[in-house]
Each structure stands twice: as structure tokens, then as C-alpha cells.
Amino acid sequence: MRNTLRVGSLAVACLMAVEARANITGSDLQNFNASYTPADSVTVHGAKTMGSGRLSLGLFANNAVNTLPYFNEEGLPNIDQKKSFSNSVTGLELAVSYGITSFWDISLALPSFVAQTVEKDDQLHGYFARLGITELRIANKFQLLATDFLSLGLMATANHNRVQNNPYSGNMEWPSFALELLGTLDFGFLTWSTNVGYRWHHGEPTAELQEVLPVQRFGDQWVASTGVDVKLPATDLTVQAEVYGSYAKQDFSSFSPRNTSIMEGLVGLKYPLDDAWTLYGGYGSEMRHALSSADNRFYAGVRWTTDLTPAKPVEVAPAPAPVAPVVPVMGPGITERAPDAIVELDDIYFHFDSTAIRDPKGYEVMQRLKELLQSNRNIERVVIEGHACALGTDDYNFGLSDRRADTIERWLMRNYGIPPEKLLTVGWGEKRPKVSNAIESSRMLNRRATFKIYYEMPRIPAPRTPQTQQAH
């Protein structure tokens, strides 16, 4: 019987894991599945969307130590419960996401396994007979509610299994489906997201597999995850911490010490290299000895984001018509004049003590500003004003507000080709708050950049003098 079980386990493409998802949009074969967009955390999905016309590409790798299940055999101790190294599996996940509208993102992910190492091969265990892409995953995220502090969303996911002879779910003719409720609270320096959902599985393992493998087909699952992102003061680093898991009623095998219901945790860092590139890295571990849970998990990722929205004409009120172009009107400096803008541009908000944009909708504001400049050539200058909250010294906040304004200026010049002579930056520190600085929920609205638009100054004819008058 032992030989029969061993031959059967070697024949399957994967005897690794039951569906073990935190935020439910992941593989049947491991618990760690990276999220899709810059509005998300590591595996936890945020309720915010990335913005209309924005494209995101992400690549995450993770190495999981001791995730393959070992099965009980008569007279042999099960090494699965020991913490000494017995196996490791390395996975890659490529994901592409696009903002269809300001409230709808669509994503495609390709998880795969690229390497495995197995030691102590004298005991029956699961492993991958062939590496490669494990599934195709399509996700749709919808933002249902968006305020300054609270966002709610809904995510629907379809997973098409690419693993042949999967003993936990069989060869699926139809994808499995998931529905997930997303919630995000944004406190400026801290963002807290929570996901709760349900996954419906389809497919049955073949009768031949059920006869030789000590594994039961698993059913539908409840899943949940929660995570916080905390911005470190005086840096661009963000600390990320998450707990994710799933609940299933049935046991997958009476021959394994691993549980079907899962809980894992991770902690890591996020660092923006610039406005387009962001790096991720960290460590995770099981909180419950369960399927696909790792004694040690190390992950790293990179995400690139850009704006693909084409320029559209924007209707604006015409600028004041210039008089005969002879002598410019002498008047106050441009920052002392009242702005001439008719079009309302929303503010752009930043993380605490940072030049990183807090809300992805800020990129839509810059897109609208680009369209405005392209549609009206009478605009002389756009003044970008940076602001800070009241925390910190006056000198530090002036410097921080200058850097925030400079960040927006660089984005507009680099990504939209706006000439630098059209832009001017000013930092006001904490001197011009939008709302009271008394509490944090108000202070976060003062960490912002605003815009003022000025048209070309009218000109008047030069006065005639006796020297210029002709005799009659």
C-alpha cells in the first residue's frame, strides 16, 4: 500500500495545497498571492481604485519553506510538524491592471511555480511533477463608496485552474468564482484595509486519483484578510503588516497533520523609487499549521504604474482678449495676482511627512490639468502650491511643502511634456490650512497641493509723447 501511495503522489502535477486564500483572488496552490494595483497592499486589496486610464504592471516572487504536505505512514514519525528544513517552493506572479473608469479596475494575473527543493525523500509527500503557470486569474474591482476617510468596494474574481490532475479540485472545466467585500479606512499616516469574501469551487478529482491518494476534494470557502500600511515619519518608507486566512468545514486528509483552515501573517516594507516605480519586500510565516502555510516565507516585488489616458479637449472660458501688443501692463507679481482659472481642479493629497501621493485620484487631477493646458494656449502660468499640516516646525514644513509642489511639477514635465516655463512652484508650509489642524482627520486634508491658473496679461498701447507726434 505504501508503494501504491508513493507512485500515486508522484503522478499528480501538484499535491501541494488546498485553496488557501487570504483575499481570495489567488491560487489553489499557495497562500501568498500578490494584489494588483498601487491602491492595494501586499495581498490585501484596498477599496480604492487606481484611476481612469492608468496602467499597472507588477511582478512578485516568494520563496516558501516547508509548505509541501507529508503524510503519516505506519512506523514513521511525520516530519511535517518539525521546523527543520524539508522543502521549499519558489513562485512568481505577473499581474497587469488597468483603470477602465475612475471606479472600475480590471486585472489579469499569471501565478506560476519556477523552482522546488525537497529533502528527506523517504516519506510520502506532495510535490510538483511539473513547474509552470498554475492558473489564469481575472479580477474586477468596483469602488462603491469614496469619502476622505472611508472607501468601500467589491471584487469579483474568476480562477481558471491550469494544473492537471489536481487532487484537491480535479480538472476544472469551469473556473472557480469569488466575491469579496473591500473596506479601507485612510487616516493619512495609516491606512487600514479589510477583505471578507466567499469562493465557490467547481470540479471533482478523478476516481483513479481518489483511489490512490489520501486526499479529499475540498469545497467552498470563507476567506478574510486585514492589513495596515503605516508611513514612517521623515522617510518615504511604508511598513506593511497583514494577516490572511480561510475557513473550510471539511478536513482534506486524515493522514496529514495540516489543517484545512488557514491563517498566515506577514510584515514588510514598501519604498517608492519615483512616481512610477515601487519596491516591496518582507517576511511571512504560518499562524496555524495548515495547507500551503510556510514556516518561513520571503517575498519581494516591483510595481510600475503609468497613465495612458489620451488628451481630450476641455471647454474653458476664454482668456481676456489682449489689447494692442505694445507695452505690457505693469502690475503685481504672478503669485500676488488673483488667479484667472474658471475650471475647478481638486486638491492632491499626500501621505504624512511625505511627497508620496495618498489618493490615486490625484493622478486624474494632473491629467485634467494637462488637458486644460493643451486646450488653451493663452494660459501664461500654472502655480503649484504645496501645503503641510501643523505638525513639525515652521522651517521643516516650508521645506516639505516645497518638495510636494516640486513632485507635482516633475510629474507634469516628465509624463506629460509640459514646458517648465508654464509651471511655477510655491511652498506655503502650514500657513494656509484648508481646514483646522486640531485633529488628525482634519490635518490629513492640509497635506496637499493646489493649483492656480493665470492667463497672459493684457497689453495697452504706449502713450504718445511730443517727440513722437508729427507736425502739421
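**The core and its surroundings**

Author: Overall, the protein chain has five helices and 19 strands, where helices (H or I, at least four residues) and strands (E, at least two) are DSSP runs numbered from the N terminus. This is a predicted model, in which local features need pLDDT of at least 70 and side-chain atom pairs count only at pLDDT 80 or more, while totals for chains, interfaces and linings use all residues. Residues are numbered from 1 along each chain as its sequence is written, and side-chain values use heavy atoms, with hydrogens and water left out.

Of the 472 residues in the protein chain, 50% count as buried; that label means under 20% relative accessible area, with exposed over 50% and partly exposed in between (1.4 Å probe, protein chains only). Take the contacts, meaning heavy atoms within 4.5 Å: of those between residues at least 6 apart in sequence, 69% join residues at least 24 apart.

Now for the part you asked about, starting with its sheet. Four strands make an open sheet in the order β15-β18-β16-β17, with mixed pairing. The edges belong to β15 (348-349) and β17 (423-427); each has a single partner strand, so one side of each is left without a neighbour in the sheet.

The core itself comes next. As a rule, nonpolar side chains in soluble globular proteins tend to be buried together. Here the largest nonpolar core has 23 residues, and those with the most contacts inside it are I348, M366, L369, V382, I408, L412 and F451. (A nonpolar core is a set of buried Ala, Val, Leu, Ile, Met, Phe, Trp, Tyr and Cys residues joined through side-chain atoms within 4.5 Å.) At least two residues of this core come from each of α3 (361-375), β16, α4 and β18, and α3 gives the most, with six. I348 shows how these pieces come together: leaving aside neighbours within four places in sequence, I348 is in contact with I357, G362, V365, M366, I408, R447, R448, A449 and F451. There's also a second, separate core of eight residues, and F60, L266, Y280 and Y299 are among them.

On to the strands elsewhere in the chain. Strand β1 (residues 54-65) is joined by twelve bridges to β13 (residues 296-307), running antiparallel; V65 has N296 as its bridge partner there, and S56 has T305.

The largest pocket has a volume of about 850 Å³. On a 1 Å grid over the protein atoms alone, a pocket is an open set of points with protein on both sides within 12 Å along at least five of seven lines, a cavity is a set where a 1.4 Å probe fits but cannot get out, and lining residues have an atom within 4 Å of a point. Grid points are joined across faces, edges and corners, and a volume is the space filled by probe spheres set on the points. Of the 43 residues lining this pocket, P38, K270, H351, A356 and I357 are the closest to its centre. I357, you'll recall, is a contact of I348. Helix α4 turns up again too, as one of the elements giving two or more residues to the pocket lining, while β9 gives the most, with five.

Terms used
Pairing = 2+ DSSP bridges.
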